[in-house]
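Colleague: I am new to this structure and would like to learn how to read some of its features. Could we go through them one at a time?

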Amino acid sequence: MPMEKTFNAAEAEARISKLWIDQKVGRAGANAKPGAQAFSIMIPPPNVTGSLHMGHAFNNTLQDILIRWHRMRGHDTLWQVGTDHAGIATQMVVERELAKAKAPTRRDMGREAFLAKVWEWKDQSGGTIINQLKRLGASCDWDREAFTMSGNFPDAVIKVFVDMYTKGLIYRGKRLVNWDPHFETAISDLEVENIEVKGHMWHFKYILAGGETYEYVEKDAEGTVTLREKRNYISIATTRPETMLGDGAVAVHPSDARYAPIVGKMVHLPLCDRLIPIITDEYPDPAFGSGAVKITGAHDFNDYQVAKRANLPCYRLMDTRATMRTDGAPYDVAVARAREIAAGSPTTEAEVDSLNLVPEKYRGLDRFEARKQVVADINAAGLAVTVLVKTIDEETGSEALHLEPVVDNKPIMQPFGDRSKVVIEPMLTDQWFVDTAKIVGPALDAVRNGDTVIMPQSGERTYFHWLENIEPWCISRQLWWGHQIPVWYDTEGNHYCAPSEAEAQALAPGKVLTRDPDVLDTWFSSGLWPIGTLGWPDNTPELQRYFPTSALITGADIIFFWVARMMMMQLAVVDQVPFKTVYLHGLVRDAKGKKMSKSLGNVIDPLEIIDEFGADALRFANAAMASLGGTLKMDTQRIAGYRNFGTKLWNACRFAEMNGVWDGHTTATTPPQVTATANLWIIGETAKTLAEVDAALTDYRFDTAADALYKFVWGKVCDWYVEFAKPLFDGPAAAETRATMAWVLDQSMILLHPIMPFITEELWATTGQRAKLLVHTDWPTYGADLITPEADREMAFVTTLIDDIRSARAEVHVAAGLKVDLVATALSPEARAAWGRNDSLIRRLARLDGFSEGPAPKGSITLALDGAAFAIPLAGLIDIAEEKARLSKTMDKLAKEIGGLKGRLNNPSFAASAPEDVVDEAKANLQAREEEAAKLQAALKRLAEIG
RNA sequence: GGGCGGUUAGCUCAGCGGUAGAGCACUACGUUGACAUCGUAGUGGCCACUGGUUCGAUCCCAGUACCGCCCA
């Protein structure tokens with residue numbers, strides 16, 4: 001059955017994909033030669049409930065290219081696939097589903113029932129993204145699919161926690177953390193997005209205690225006094241008025257002369273029956289606002305630091321949902337105790353945390369409602385800083401002056417939860433932390449000394465910058481879906497860390513224990529992905545074989561979340577780097593460079609692209625985009641272009657089929673012995689392409705590899721070689737040309753296979769008797785010995801001649817269908833040989849009729865080549881003036897080139913300083929250009945004689 | 001504010017010391033034993049700007065402007 005005109009991607013991809021999966025072509029070690037080196041990649045595990053987006057498609061294409069390339073080379077490959085349980089994300093999805101189904105909420109059904117629901121959801125939708133990866137052509141080892149909550153993974157995670165705890169690398173502490181009031185959990189710094197929003201700055205007066213006053217003096221830059229007044233207050237500015245209820249002090253910079261008279265004095269905290277001190281600290285910026293800052297240790301990260309330095313109590317004002325506290329003693333009781341503490345009464349952190357200093361009227365209010373109330377009450381109390389405002393009564397037209405509170409409208413950076421999108425509240429809570437400072441050293445060293453290479457190099461700088469300034473990592477989450485923390489508490493609050501309840505109990509004989517309800521940050525477990533998927537803590541054969549892994553291909557956006565943490569944790573746990581090379585790429589954007597987002601409506605669904613253009617086209621586009629460090633703009637037009645590229649290859653094979661190239665074809669391991677120049681040449685071009693592809697993939701330059709293949713298949717094989725073959729099929733070299741074409745197209749399929757696996761696998765099966773699937777066919781190893789320099793030179797002459805004839809014909813408007821004669825007016829021996837050996841090719845491609853040697857006939861157009869000159873007699877067919885113009889244009893170009901070359905060569909310091917080969921090249925170039933110019937000059941002269 | 005990038009043809013991007021490339025788009029023409037998802041020819045660039053290093057700079061260095069991204 002003859003081949004169809006185009007490749008039917010939709011039909012073939014499903015069939016081929018099934019074939020690969022059924023035959024387990026991607027299983028660990030498949031197609032490995034005995035004693036082969038290992039090559040392994042861990043897939044960045046997608047969220048179990050996720051679906052494939054362009055970023056995944058891009059990322060996994062690159063991994064698959066590497067894996068297929070190494071596998072064809074006979075290396076012992078493993079592409080480890082799996083998914084991540086994605087704590088917050090998954091819990092969020094399931095809670096949303098429950099709400100949609102009007103089912104009981106998480107809290108109503110309780111932990112156990114809820115987790116059962118999550119597992120149900122996982123079983124239902126967890127396979128989606130894995131199946132989508134299969135559509136992309138990913139050749140993972142599907143039998144090894146891992147999940148961060150299954151198999152050995154939970155045990156591995158627990159063991160690491162216990163080990164790290166035992167070594168003092170994990171500790172519990174009350175710290176100010178980012179609190180997500182929607183999920184009611186702590187989150188890490190990295191899970192917070194700081195977004196600029198419209199905010200307000202309010203200015204309040206805190207009145208000095210005991211009726212004290214001071215002289216407030218403001219000076220300009222020259223030291224001239226601009227304001228001098230008696231004040232009984234200090235002015236503070238805040239964007240978060242509601243937190244003033246928990247203030248512990250007012251801070252000013254030690255160098256701020258304005259407040260020097262009142263440092264150490266007490267002020268009345270408005271709306272509260274408390275006095276707080278004015279203290280000095282380096283933190284306030286004297287140039288910003290009034291220069292005085294209220295210090296609320298429990299609700300601001302900067303203030304927390306100040307409070308720690310000044311030993312101020314940090315009073316927590318809100319509950320887990322960020323509403324004002326309702327717990328604890330009545331306000332008057334709480335505040336009485338707070339006054340005692342302020343007066344020096346001994347206290348504990350736990351007691352301070354238990355004191356609810358929210359006045360009764362604000363208790364139970366949402367934080368934003370509380371803000372409105374506080375502002376209103378401050379204004380009512382006359383404690384707002386005010387300004388005189390003139391208003392005009394519309395009816396009477398009378399003007400009136402009155403005081404209004406100062407409220408600045410200004411953009412402020414506000415923290416939002418990256419999942420919940422609600423405003424994050426700094427909150428003082430007990431959490432578990434990894435003491436990252438203690439494990440960061442080896443991770444830094446490994447990259448510094450090259451054990452792990454990060455590419456592009458800018459990623460390395462980012463990595464260093466972050467790790468050198470690393471903060472403790474909060475790893476506890478107040479969620480249910482995840483690895484529960486292996487710590488048990490007794491009734492006195494002591495804790496016991498052990499792998500199991502029985503072992504914890506053994507540490508606390510006779511005590512009643514309850515387990516810490518919290519779970520670990522998802523990234524704590526995914527940080528163990530490389531060893532966890534290989535069976536650690538058991539020393540499995542896979543662990544020995546494939547660890548450390550060869551390469552990690554991942555988005556630059558998770559360098560901190562994941563890459564750096566995997567480095568730290570693998571080094572901490574097994575004392576080895578997790579991977580030798582890290583390849584970081586950017587976010588896939590739309591054609592205009594915009595981030596793809598649902599709200600912008602510019603999301604390109606990779607599955608729709610696959611439906612329309614085929615997976616190969618998408619993959620080729622991904623490879624072609626993957627220049628190191630470049631931005632990734634996904635343009636469907638470009639994908640269409642690569643679909644066309646596939647069609648081009650398809651049709652070259654179809655042409656071969658029509659010409660009997662595939663009759664009885666079996667895979668040849670070596671190229672045929674040939675004599676025709678065109679055949680020698682294309683065999684050499686194939687070898688050059690192999691070298692380029694190998695070099696490019698070695699350097700992770702997927703774009704360079706794609707480019708080399710595109711240029712070879714389209715630009716060399718299809719544009720030239722297939723055309724050359726047409727006349728050759730009619731001559732004595734027909735048999736060797738068929739053999740050459742079969743070999744060259746086979747090689748094209750092989751070399752393209754890592755990037756375009758489907759169409760090449762299909763062609764492979766269509767075009768011959770094959771011992772193996774293409775996916776397991778040996779990658780070639782031939783070298784420069786297949787390149788014939790003489791053939792290259794000769795074909796360069798032939799193609800240049802054809803190009804020049806075509807150009808000349810087009811420029812003087814010779815009808816495309818018209819065959820013309822060609823007269824060689826000058827020929828070097830090489831040119832004569834080339835001309836003679838390839839006349840049928842030249843004749844056909846340049847639409848020529850007669851071939852002769854001799855002087856240029858009258859009314860010819862002239863071509864000048866390196867070592868030859870030709871005339872095309874066109875008497876009566878062409879316009880002499882047009883030909884003159886054409887020659888002049890070419891002359892102008894040559895003259896410009898000659899000018900440049902002469903300029904360089906005439907510069908004495910060029911000859912003196914430039915390398916010899918550069919000088920020689922310039923000289924040779926100049927000579928060749930001058931010869932061409934002379935020929936054209938002669939032609940112009942002849943034209944002038946005609947008229 | 002700190003860090004990391006980018007600025008090359010109308011668009012999207014390669015190149016990164018020897019005088020500029022691809023794809024797409026555009027224009028004209030459609031002869032051809034596969035391909036109109038095509039062929040042939042062509043148009044199009046002070047390689048952001050200013051200095052420096054060099055015999056020579058789009059490429060290296062410094063600065064300026066503008067645009068991104070990450071972290072505060």
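Colleague: Let me start with one residue: is Arg 847 buried, partly exposed or exposed?

Modeller: First, a word on the source: this is a predicted model, in which local features need pLDDT of at least 70, side-chain atom pairs count only at pLDDT 80 or more, and totals for chains, interfaces and linings use all residues. Residues are numbered from 1 along each chain as its sequence is written, chains are lettered from A and ligands numbered from 1 in the order in which they are written, and side-chain values use heavy atoms, with hydrogens and water left out. As for accessibility, buried means under 20% relative accessible area, exposed over 50%, and partly exposed in between, with a 1.4 Å probe and protein chains only. Arg 847, at 36% relative accessibility, counts as partly exposed. Its phi is near 60°, a positive value in a residue other than glycine, and Arg 847 sits in the loop between helix H27 (839-845) and strand S31 (848-853), where helices (H or I, at least four residues) and strands (E, at least two) are DSSP runs numbered from the N terminus.

Colleague: Which residues are the closest to RNA strand B?

Modeller: A residue is near a strand if one of its heavy atoms lies within 4 Å of it. Here 51 residues surround RNA strand B, and the closest are Arg 461, Lys 633, Asp 730, Arg 844 and Arg 847. The largest share of this surface, 10 residues, comes from H20, which spans 636-658.

Colleague: How many residues does the largest nonpolar core have, and where does it lie?

Modeller: In soluble globular proteins, nonpolar side chains tend to be buried together. A nonpolar core is a set of buried Ala, Val, Leu, Ile, Met, Phe, Trp, Tyr and Cys residues joined through side-chain atoms within 4.5 Å. The largest one has 197 residues, and Phe 524 and Phe 870 have the most contacts inside it. Helix H22 (residues 702-729) gives the largest share of this core, 15 residues. Domain 2 (632-787) and domain 3 (816-946) both give residues to this core, so it lies between them; the domain bounds come from an automatic or database domain assignment.
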